[in-house]
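This report describes selected local features of one protein model.

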Amino acid sequence: MPDEQPHANGFRDTLLELPEHVRSFLDRVALVIASNRGPVEFHVAPDGTLTTKRGSGGVVTAMSAASRYTDAIWVACAMTDGDRLRASLALEAGEPVITVPGGEFRIRFVLPSPEAYAGYYNRIANPLLWFLQHYLWDTPRAPDVDALTWYAWEEGYVVVNQLFAQEIAAAIEATSRPPVVLLQDYHLYLVPRFLRERLPTIVIQQFIHIPWPDQDYWRLLPRAMRQAICESLLCNDVVGFQTPRHARSFMNTCEANLDQIEVNYRTGEIIYQGRTTHVRVYPISIDPAHVLQVAESEDARKHEEHLRQYFNEYTIMRVDRAEPSKNIVRGFLAYDRLLEAHPELLGRVNFLAFLVPSRLEVAEYIDYLDDINAVVGRINAKYANVAEHEGIHWQPISLFIGDDYPRALAAMKHYDVLLVNAIFDGMNLVAKEGALLNQRNGVLVLSEGAGAYQQLGRWALTVSPTDIEGTAQALYAGLTMPEAERKRRAQALRQLVIEHDLKRWLVDQLADLAELARV
């Protein structure tokens with residue numbers, strides 16, 4: 001990777017938006033971003049050619065925007081047949097760095113065996129770590145850490161994390177500039193240790209996008225596993241979290257599981273084996289300019305026109321991945337309760353749900369998607385006779401299944417109430433996207449379990465994730481709130497999202513890294 005390689009299109013323009021000390025830092029270092037999923041996916045078309053598609057998920061959304069500020073290398077797993085083909089073509093050509101058409105991203109792919117990837121992703125990262133970190137286990141029944149789990153840990157999770165460290169090291173060794181590595185999330189918990197063993201002096205930061213539960217809940221994992229995770233994370237110079245609560249839980253967990261450790265809760269510093277790790281809070285956000293651009297695109301406008309037939313006098317909406325932590329089934333049950341308690345709303349209110357199927361390799365996610373479809377079917381059937389008796393054409397809930405970002409943004413312009421009732425969330429960018437885009441002074445009904453609650457809760461209607469009755473009451477309060485109050489809340493939410501944007505999230509991290517790196 002020669003240092004002289006041209007910057008991505010628009011790089012210099014976006015770089016000028018950053019504070020001078022951050023611009024100077026980025027000009028002096030080689031930035032490597034690493035995450036399980038990359039910013040784009042390659043797919044093989046029927047004629048054998050390769051096409052690209054934007055990667056899905058909150059991590060990709062955030063880091064894709066962040067990477068526009070610098071000429072970074074992105075290290076990610078090959079997820080599709082197209083990814084693996086493109087990676088093999090690059091290796092055959094002796095050019096492991098792949099420049100995506102348009103020049104926006106440069107990628108190095110990690111190529112684990114299918115067996116190793118299945119253990120790493122489908123047995124350990126999801127569901128074991130994901131379920132644990134979202135408090136989702138039905139602990140009398142699961143998880144069972146059996147021989148297959150241990151095999152998946154040792155021959156899957158450990159192996160793929162080693163491969164990531166090797167690929168990151170190769171990217172670093174190809175540049176003469178001081179390296180700074182930005183690791184993303186729970187898939188890569190063991191990478192810092194493996195990377196530190198290879199390159200002891202580099203600067204490493206890891207941002208954990210999902211919650212960090214209380215140390216007692218971590219005891220569901222065998223001690224050897226949780227110690228390995230804590231020890232590796234403390235090989236980072238900085239570990240970042242969404243909320244102070246998550247940061248404190250991490251420090252508690254390290255203190256409870258490691259000997260001869262010094263934890264300073266006031267300064268957010270942990271000293272372990274002679275290394276100081278800084279624990280920081282960086283609430284992630286959205287890139288307002290980019291979100292608005294997509295929401296006003298031709299694709300979004302076509303969706304907006306099509307969706308008008310689904311809006312009603314009142315429109316409730318949710319946009320989520322179809323997975324258990326999002327609490328989708330209870331949201332629909334609360335809507336059912338709303339209709340029972342307020343029959344005057346029958347035929348006048350629609351619920352639109354835009355759901356992205358997620359991790360369908362994992363049985364728990366398939367089962368939850370089935371639960372969603374079942375509850376929607378029951379509610380729609382329950383009120384079909386009511387609609388027929390009243391002589392109206394009305395379907396209470398409309399499901400839109402699929403990963404269509406422009407469609408979701410187009411829809412969010414038109415809700416009266418946006419329901420975000422996650423059980424336990426890292427942040428929840430949907431709450432921020434909705435606040436930015438909505439044109440109807442829509443009301444946000446927000447769970448205390450969502451990471452966004454810390455920032456947005458003051459201007460939202462608060463619900464407990466399991467409180468179906470309370471959520472039904474909050475939906476009604478949102479639908480019937482006086483216009484002046486709706487406007488006051490909506491304007492405050494929009495202003496907060498604009499001021500606390502993705503650039504601020506990125507600048508705060510880079511400023512801390514610049515101080516630590518001293519390059």
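## The surroundings of His187

His187 touches Asn36, Tyr120, Tyr121, Ala125, Asn126, Tyr157 and Asn161, leaving aside residues up to four places away in sequence; contact means heavy atoms within 4.5 Å. The residue sits in the loop between strand E7 (179-184) and helix H7 (191-198). Helices (H or I, at least four residues) and strands (E, at least two) are DSSP runs, numbered from the N terminus. With a relative accessibility of 8%, His187 counts as buried. The classes are buried for under 20% relative accessible area, exposed for over 50%, and partly exposed in between (1.4 Å probe, protein chains only).

The model is predicted: local features need pLDDT of at least 70, side-chain atom pairs count only at pLDDT 80 or more, and totals for chains, interfaces and linings use all residues. Residues are numbered from 1 along each chain as its sequence is written, and side-chain values use heavy atoms, with hydrogens and water left out.

The axes of helix H5 (residues 114-133) and helix H6 (residues 147-173) come within 7 Å and cross at roughly 110 degrees. Axes are lines fitted to C-alpha atoms, for helices over the stretch in contact, and angles run from 0 to 180 degrees between N-to-C directions. H5 and H6 are therefore roughly perpendicular to each other; angles under 35 degrees count as roughly parallel, over 145 as roughly antiparallel, 65 to 115 as roughly perpendicular and the rest as oblique. On the H5 side the contact includes Tyr120 and Ala125, and on the H6 side it includes Tyr157 and Asn161. By class, the contact of H5 with H6 has 15 nonpolar, four polar and three charged residues. Here Ala, Val, Leu, Ile, Met, Phe, Trp, Tyr, Cys and Pro count as nonpolar, Asp, Glu, Lys and Arg as charged, and the others, Gly among them, as polar.

H6 also packs with H7: their axes come within 8 Å and cross at roughly 45 degrees, and the two helices are therefore oblique to each other. The crossing of H6 and H7 is right-handed, where a crossing is left-handed if the near helix is turned anticlockwise from the far one by less than a right angle, and right-handed if clockwise. H6 contributes Val158, Asn161, Gln162, Phe164, Ala165, Gln166, Ile168 and Ala169, while H7 contributes Val191, Phe194, Leu195 and Arg198. This contact of H6 with H7 comprises eight nonpolar, three polar and one charged residues.

In helix H11 (residues 298-307), the buried residues are Ala300, His303, Glu304 and Leu307. They cover an arc of only 105 degrees around the axis, which puts them on the same side of H11; the arc is that of the directions from the helix axis to the C-beta atoms. The exposed residues Glu298, Lys302 and Glu305 are carried on the face of H11 turned away from its buried side. The buried residues of H11 pack against helix H10 (288-295), strand E14 (349-357), strand E15 (397-401) and helix H14 (405-412).

H14 is in turn paired with helix H15 (residues 429-437), their axes coming within 8 Å and crossing at roughly 55 degrees. H14 and H15 are therefore oblique to each other, and their crossing is right-handed. Tyr405, Leu409 and Met412 of H14 meet Val430, Glu433, Gly434 and Leu437 of H15. These residues divide into five nonpolar, one polar and one charged.

## Backbone geometry

Most residues other than glycine have a negative phi, and most peptide bonds are trans. The peptide bond from Asn126 to Pro127 is cis, with omega near 15 degrees, and Pro127 lies in H5. A cis peptide bond also joins Ala142 and Pro143, with omega about 5 degrees; Pro143 belongs to the loop between H5 and H6.

Asp185, although not a glycine, has a positive phi of about 80 degrees. Asp185 lies in the loop between E7 and H7 and is buried, with a relative accessible area of 3%. Gln273, also not a glycine, has a positive phi of about 50 degrees. Gln273 is located in the loop between strand E11 (269-272) and strand E12 (275-281), and is exposed at a relative accessible area of 67%.
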